[in-house]
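Hi,

Here is the structure I mentioned, handed over for you to look at. My notes on its salt bridges follow below.

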Amino acid sequence: MQKIVILDRDGVINFDSEAYVKSAEEWIPIPGSIEAIAQLKKAGFKVFIATNQSGIGRGYYGLEELNAMHQKCSDLLAEYQVSLDGIYFCPHLPDAQCRCRKPAPGMIESIAQEHDLDVTQAYFVGDSKRDLDAGLAAGAKPVLVLTGNGQKTVSQIDSDIPVFDDLSAFVSFVLR
Amino acid sequence: MKNNKLSFLQILFYGTRSFLFYAGYNISAIIYAPIVLAIGPLLSFEKRSWLVSRWCWFIMKWLRITCGISVQTEYLVDLKSIKPCIVLSNHQSSWEALFLQLLFNPSATVLKKELLNIPFFGWGLRLMEPITIDRKKPRLAGKAFLEQGTQAVNKGRWIVLFPEGTRVAPGETAPLNIGGFKLAANTNTPVVPVYHNAGECWPPRKFIKFPGVIKCTVGRPLQPEGLPRDIMQNYEKVMGAMSGYGATEAETPKESTNSQ
């Protein structure tokens, strides 16, 4: 069994905001999420992020700010001596009809192709319906967490999809 | 055998044998039940289960005598070497409910709550401490099952379940219920897959039975890794291999070499 986890970012790893998370200062990790990623890495999982960042397309922030946020995340993970296997983002506006903006499966497919992985063995953890739809469309295994938009999403999904309180709870269960 | 149209004489012949079987089945139950009800409560659960399993043993012998149905069991695991865990079998007949009591003892099985209220038979069932489902409260059923199932696991019993939930004709499939896999994941208990073709000799919901040898394979335990659905997918793969059949060994999916 391949050990692969792909994570949505906002609402799963860090607190989301309706006004978009626009800088490293605004990027605040949800308690337990950094440690959870570290546990996955230490258990031999490959961990990726696949995140919609239309804030770039809308001009709210740029690549510099995005890199700063991700550097902050990486620095926090470095305290556990681990690092992510890849961060994939979609900067496009919703009407661009790109392949990467979730619920399109493009980012997940890119991850699988570029790292030579079997996407059907990947968990895709998200807080919104578009995350789960992207996961399903790519053939991965969607998982819902109740942080971020999760509480609102839970009523919209099939009972097929496993639900966990947060990323930490999901990781505890998988690594039990 | 059952694929060909049966002649009237064949129906008469097999039907008579089935009738004899059911006659012995009911008479022996009437004789044996009071013994179980009288002695059962005084025994430990293990001894009680063994006592009931002796009736199952008799029924299997009687089935062979009257209907010419015997069983050939192939073990891919030495059951004495593993701790009692969750047994997930396919469901084609009424046969396996009896036979699996012999292989896996003591065990907890799932029953409708209403069955426990039947006089005599229901009281006997109560002694078997089954996991009960209240059909009138389906939304609570999953939760109740997990609670009772976890208790049974903690008491060190085999848990015998039929994920298909209903008897399915040989060659057909039914969507699997996630409950048993959830129980395996939540309690971190391995799953022993069992495949058999009892439906070919003892067709479900029919009176008639056909002579033959039922082949039963007890597979290697599957580890409860990942989420319930992951365990279920693994189970489906392994069961598919076991049912493809012959004397071929069921394989568990090999570790991929290009990850990490």
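Predicted model: local features only at pLDDT ≥ 70, side-chain atom pairs only at ≥ 80, totals over all residues.

Let's start in chain A: the side chains of A:Arg99 and A:Glu109 form a salt bridge, at 2.5 Å from N to O. (A salt bridge here is a side-chain nitrogen of Lys or Arg within 4 Å of a carboxyl oxygen of Asp or Glu.) This pair links distant parts of the chain, 10 residues apart: A:Arg99 sits in the loop between β3 (86–90) and α4 (106–114), and A:Glu109 in helix α4. Helices (H or I, at least four residues) and strands (E, at least two) are DSSP runs, numbered from the N terminus. A:Arg99 counts as exposed at 52% relative accessibility, while A:Glu109 is partly exposed at 26%. The cut-offs: buried is under 20% relative accessible area, exposed is over 50%, and partly exposed is in between (1.4 Å probe, protein chains only).

Residues are numbered from 1 along each chain as its sequence is written, chains are lettered from A and ligands numbered from 1 in the order written, and side-chain values use heavy atoms, leaving out hydrogens and water.

In chain B, B:Glu129 and B:Arg48 meet in a salt bridge of 3.7 Å, N to O. B:Glu129 is in the loop between α4 (121–127) and β4 (131–133), and B:Arg48 is in helix α2 (residues 45–67), 81 residues apart. B:Arg48 is buried at 10%, whereas B:Glu129 is partly exposed at 29%.

Over all chains, the structure holds 14 salt bridges.

Cheers
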